[in-house]
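Work through these exercises with the structure in view. Try each task before you read its solution.

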Amino acid sequence: QIRAVAAVVCFVEMALSRQGLFAAAAGSVADWLLITHHVLEYLRGRERGGADVAKLEAQLHSLAQSLAMAQNADGGFAWAGRGKSSPFVSAQALRALLLAHEAGAKGPDKVLKSLVAYVGARFREQEESNNDGKAALLYALAHVSDKSMLGAAHVDVFMSANRLFRLRTRLSYSALAHLAQGLGGEIVLEVILRGFLQQALFFVE
């Protein structure tokens, strides 16, 4: 396990050095930020310090700063450069920045506030039948612990998730997965897993 973690740390360092933090696409930086966060939390959870943790903490801060600098004026993020903001790249960026913030890589509040507002607006604009899109954006919004941000974005995560939950037998695997991760809880997960099973049995028959 120690060798595996060290290999991941080296791999992240190598990939970032080749890409260049500020030249990399926002979607890619968000993914690397999430990877770095998960490995860092793994080490912290096992009370392992040392050089690996220090490197990961430095990488976490650098990635969070780089991602924040790529934010568009409308609060969202494009896949690359200053192109048109993408709701789903922005949702990934929101998750990454929120988790990094909780892990100690705190950035300007205005970045998160405007990003939550952007993702919230795109969530409200989704067509009623687009359950996959709603579930993906809601999954990111479920990570927001600051209720005032959600209130300003006019999004009630619990109520919206509950609406989707009532449609669980008609949701795609992707929507079910996002809903399960966003809602959490053993009872909810059990019910959603039953939904997976029902769908699987339907296709078998």
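**Exercise 1. How are α6 and α9 oriented to each other, roughly parallel or roughly antiparallel?**

Solution. This is a predicted model.
- Step 1. Start with the axes of α6 and α9, which come within 8 Å. They cross at roughly 25°.
- Step 2. Apply the cut-off: angles under 35 degrees count as roughly parallel.
- Step 3. α6 and α9 are therefore roughly parallel to each other.
- Step 4. Name the residues in the contact. α6 supplies N131, D132, A135, A136 and Y139. α9 supplies A175, H178, Q181 and G182.
- Step 5. Sort them by class. The contact of α6 with α9 has four nonpolar, four polar and one charged residues.

**Exercise 2. What is the orientation of α2 and α3, roughly parallel or roughly antiparallel?**

Solution. 
- Step 1. Take the geometry: the axes of α2 and α3 lie 9 Å apart, and the packing angle is about 150°.
- Step 2. Use the cut-off: over 145 degrees counts as roughly antiparallel.
- Step 3. So α2 and α3 are roughly antiparallel to each other.
- Step 4. Check the hand: α2 passes α3 in a left-handed crossing.
- Step 5. Find the contact residues. Among those of α2 are W32, L33, L40 and R44. Those of α3 include D52, L56, L63 and L67.
- Step 6. Count by class: the contact of α2 with α3 has 14 nonpolar, four polar and three charged residues.

**Exercise 3. Which residues have the most contacts inside the largest nonpolar core?**

Solution. 
- Step 1. Get the count: the largest nonpolar core has 52 residues.
- Step 2. Pick out those with the most contacts inside this core: L33, L67, F77, L94, L97, V116 and L141.
- Step 3. List the elements that give two or more residues to the core. They are α2 (26-45), α3 (51-69), α4 (87-102), α5 (109-125), α6 (131-141), α7 (147-152), α8 (157-166) and α9 (173-183).
- Step 4. Beyond residues up to four places away in sequence, L94 touches L112, L115, V116, V119, A140, L141 and V144.

**Exercise 4. Are H154, S174 and S114 exposed or partly exposed?**

Solution. 
- Step 1. Recall the cut-offs: exposed means over 50% relative accessible area, buried means under 20%, and partly exposed lies in between.
- Step 2. Locate H154 in the loop between α7 and α8. H154 has 60% relative accessibility, so H154 counts as exposed. H154 also has a positive phi of about 60°, although H154 is not a glycine.
- Step 3. Turn to S174 in helix α9. S174 has 36% relative accessibility, so S174 counts as partly exposed. S174 and G133 are 41 residues apart in sequence, yet their C-alpha atoms are 9.6 Å apart.
- Step 4. Move to S114 in helix α5. At 26% relative accessibility, S114 counts as partly exposed. Leaving out residues up to four places away in sequence, S114 touches Q71, D74 and G75.

**Exercise 5. How many helices and strands does the chain have?**

Solution. 
- Step 1. Count the elements: 10 helices and zero strands.
- Step 2. Residues 24 or more positions apart account for 61% of them.

Key:
Residues numbered from 1 in each chain as written. Predicted model: local features only at pLDDT ≥ 70, side-chain atom pairs only at ≥ 80, totals over all residues. Heavy atoms only, no water. Core = buried A, V, L, I, M, F, W, Y, C linked by side-chain atoms within 4.5 Å. Buried < 20%, exposed > 50% of the residue type's maximum accessible area, 1.4 Å probe, protein only. Helix = DSSP H or I, 4+ residues; strand = E, 2+ residues; numbered from the N terminus. Contact = heavy atoms within 4.5 Å. Axes fitted to C-alpha atoms, helices over the stretch in contact; angles between N-to-C directions. Parallel < 35°, antiparallel > 145°, perpendicular 65-115°, else oblique. Nonpolar A, V, L, I, M, F, W, Y, C, P; charged D, E, K, R; others polar. Left-handed = near helix turned anticlockwise from the far one by under 90°.
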